[in-house]
Amino acid sequence: MQTNVHANYFRKVGGFPTPILHGLCFFGISGKHIYQKYGPFKNIKVRFAGTVLPGETLVTEMWKEGNRVIFQTKVKERNAIAITAAAAELLSGDSKPAAKSPSGGSSDIEVPGFGASKVFAQAKAQLDAMSAQDKAAKLKKANGVFQFDVSNDAGKTESWTIDAKTEGTIKKGKAAKADVTIIVKDSDLVALATGKGSAQSLFMRYCFEGKCANL
Amino acid sequence: MLLHGEQFLEIKKYPIPTSGTLSTEARIIDILDKGKAASVTIGTTTKDKSSGEVIFENQATVFIRGSGGFGGPSKGADRGAATAPNVPPKRTPDAVVEEKTSEDQAALYRLSGDRNPLHIDPEFSYANQCAR
């Protein structure tokens, strides 16, 4: 399989073969790209169709089809296919809103012009996916209602509320009674949530450990 | 020589626990005859050892060159998302992400426990390429 890929590869390296990258390694990197664009997924399938050499550039092309993201991954330098016949099924797809939450799908949370709204939507997806037992444990630990007043570059302000006290919900709008109100720039909140790779887990951890005031 | 052909991963528990002891059990799902090569699909179930809760399901298909021709079936059963053809639509992609891997990426990935010398030893990988 993939004899042509290897032939190119030998030409490229000029007779000095380099060990190839693990399939599961670029599988993981492609999965990260889907996560960056569409958030958490419940399953992922790939076919390894070609080799990748350490140092090469991966290009993941994605097509969103309902709740699934069909994708393929290429090696930029050789315009060669590395992954085909691949797809991931999203944890919270907008094709079936309100499937898991009586308060509605993520579209209720997302607001154009606010990157932070995507962070809240992802955090909500993760929260909704928790078992009741896990949720109760988290609520007990955090025990607070956090209101975020987020302002964007256009000078608009929107609010989101994380109720980590009674309901265990994340929704758009102000809290009836907030224990902590955080005033933050949209760009700062997004940078915080995405800066360390695991976007919503960092964000969730902050909030559910009651450290939102540190934002 | 063995090649990794396909991989299916299902994350059964969100968020993924950040600590705990995992226990993984493996089973053979399919052994197919692809002529020159054999295709073997292995299923693994990973559980939290203390609670017994399933965290991950994996299905890995490997090609073993030179092991085919034993008269087995050439096509396996439909296993849903794990065997879906996933043909991309004709339109341009909705999103594209580009990322350069590092020169030491394979050495770094080795820390995950995959010690196959194909990924680290130039002489071994060269010998494998030549043998085909």
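**View 1. A:V46 and its partner across the two chains.** In β1(B), the residue bridged to A:V46 is B:Q7. The two strands involved, β1 (residues 41-48) of chain A and β1(B), pair in the antiparallel sense over five bridges. Strands pair if DSSP finds at least two bridges between them. Strands here are DSSP runs of E with at least two residues, helices are runs of H or I with at least four, and both are numbered from the N terminus. Strands of a sheet pair through backbone hydrogen bonds, either parallel or antiparallel.

This is a predicted model, in which local features need pLDDT of at least 70 and side-chain atom pairs count only at pLDDT 80 or more, while totals for chains, interfaces and linings use all residues. Residues are numbered from 1 along each chain as its sequence is written, and chains are lettered from A and ligands numbered from 1 in the order in which they are written.

**View 2. The side of chain B that touches chain A.** Here 42 residues of chain B are in contact with 49 residues of chain A; contact means that the C-beta atoms of two residues, placed from the backbone, lie within 7 Å. On chain B, β1 (2-11), β5 (95-100), α1 (105-109) and α2 (122-131) each supply at least two residues of this side. The largest share, nine residues, comes from β1(B). Sorted by class, the side has 22 nonpolar, ten polar and ten charged residues. Nonpolar covers Ala, Val, Leu, Ile, Met, Phe, Trp, Tyr, Cys and Pro; charged covers Asp, Glu, Lys and Arg; the others, Gly among them, count as polar.

**View 3. Two hairpins in chain B.** Strand β2 (residues 22-34) of chain B runs antiparallel to strand β3 (residues 37-48) of chain B, joined by twelve bridges. B:A26 in this pair stands opposite B:T44. Two residues lie between the strands of this hairpin, where B:G35 takes a positive phi near 90°. β3(B) is also joined, by eleven bridges, to the antiparallel strand β4 (residues 54-65) of chain B. There, B:G43 has B:Q59 as its bridge partner. This second hairpin has five residues between the strands, and B:G52 takes a positive phi near 80°.

**View 4. A four-stranded sheet in chain A.** The sheet is open, with strand order β7-β6-β5-β8 and mixed pairing. Its edge strands, β7 (169-172) and β8 (180-185), each pair on one side only. Four bridges link β6 (residues 157-164) to the antiparallel β7(A), and A:W160 has A:K172 as its bridge partner in β7(A). Helix α3 (residues 115-129) of chain A lies across β5 (144-151), β6 and β7, at about 150° to β7(A). Angles run from 0 to 180 degrees between N-to-C directions, with axes fitted to C-alpha atoms, for helices over the stretch in contact.

**View 5. Helix α2 of chain A.** The 16 residues of α2 (residues 23-38) should span 22 Å at 1.5 Å a residue, which agrees with the 22 Å between the end C-alpha atoms; the expected span is 1.5 Å times one less than the number of residues. Among the buried residues of α2(A) are A:F26, A:I29 and A:Y38. A residue is buried if 20 or more other C-beta atoms, placed from the backbone, lie within 10 Å of its own. Just after α2(A), A:G39 takes a positive phi of about 85°.

**View 6. Confidence along chain A.** The predictor's confidence in each residue, pLDDT, goes from 0 to 100. Chain A averages 78, and 75% of the residues score at least 70. Among its elements, helix α1 (residues 3-13) has the lowest mean pLDDT (40) and strand β3 (residues 68-75) the highest (98).

How values were computed: A residue is buried if 20 or more other C-beta atoms lie within 10 Å of its own, exposed if 12 or fewer, and partly exposed in between; C-beta atoms are placed from the backbone.
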